Amino acid sequence: MTPDIAEIIWVVGAVGWYVIRYPHERRSRRTAVSRNSADRIELLLMTISATGLGVLPFVYVLFGFGGFADYGFSPAQGWIGAALFAGSLYLFYRTHRDLGRNWSVTLKMREAHRLITQGVYAYVRHPMYTAFFLWALAQAFLLPNWIAGLSGLVGFGTLYLFRIKREEAMMLETFGDDYRRYSERTKRLVPWIY
């Protein structure tokens with residue numbers, strides 16, 4: 001594996017991400033929203049995350065940063081990055097499939113929204129966030145640059161840190177004891193660990 005192939009894998013993964021999400025995004029526009037908690041903070045967090053997982057790495061892949069902040073690349077790290085991105089895409093697909101019409105990109109509750117506790121949600125409460133973290137880790141392995149490689153962890157990590165409590169409060173308010181019991185038997189991101 002070479003750095004150029006690793007960059008191609010990152011691009012293919014980012015396109016795959018969009019291909020998975022697009023039909024769900026279209027369908028979600030047709031499903032009425034009963035509660036919308038998206039505000040300026042949410043928009044700022046989404047922008048930070050998109051910059052770290054999309055804009056900076058895309059600029060790096062297209063133009064490079066002139067060697068600035070590059071670090072050594074080994075074929076092994078490219079293969080690890082490819083495996084992480086493949087796992088990320090699979091988990092991302094499963095979360096969308098399991099959520100169905102309950103999915104939204106921001107903090108929204110749909111009409112007839114129900115608590116999903118089966119599929120990948122039987123193991124963790126926020127598997128989509130796990131998928132995003134896997135993407136960010138894959139990016140760090142695939143793009144050997146301290147800025148482009150690590151920007152996904154910083155960008156998505158920021159969104160996660162400032163959004164998770166708001167999201168879980170919304171779920172508790174909507175689903176009450178059902179969500180409380182679900183939280184007691186599942187972890188947030190990694191089964192049996194965290």
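1. Arg 110 counts as buried, with a relative accessibility of 5% (buried is under 20% relative accessible area, exposed over 50%, partly exposed in between, with a 1.4 Å probe and protein chains only). Arg 110 belongs to strand 2; strands (E, at least two residues) and helices (H or I, at least four) are DSSP runs numbered from the N terminus. Its C-alpha atom is 35 Å from that of Ile 9, 101 residues away along the chain.

2. The model is predicted: local features need pLDDT of at least 70, side-chain atom pairs count only at pLDDT 80 or more, and totals for chains, interfaces and linings use all residues. Residues are numbered from 1 along each chain as its sequence is written, and side-chain values use heavy atoms, without hydrogens and water.

3. Buried residues of helix 1 include Trp 10, Gly 13, Trp 17 and Arg 21. Among the elements covering the buried residues of this helix are helix 3 (75-99) and strand 2 (108-110), where contact means heavy atoms within 4.5 Å.

4. Val 59 sits in helix 2 and is partly exposed at 34% relative accessible area.
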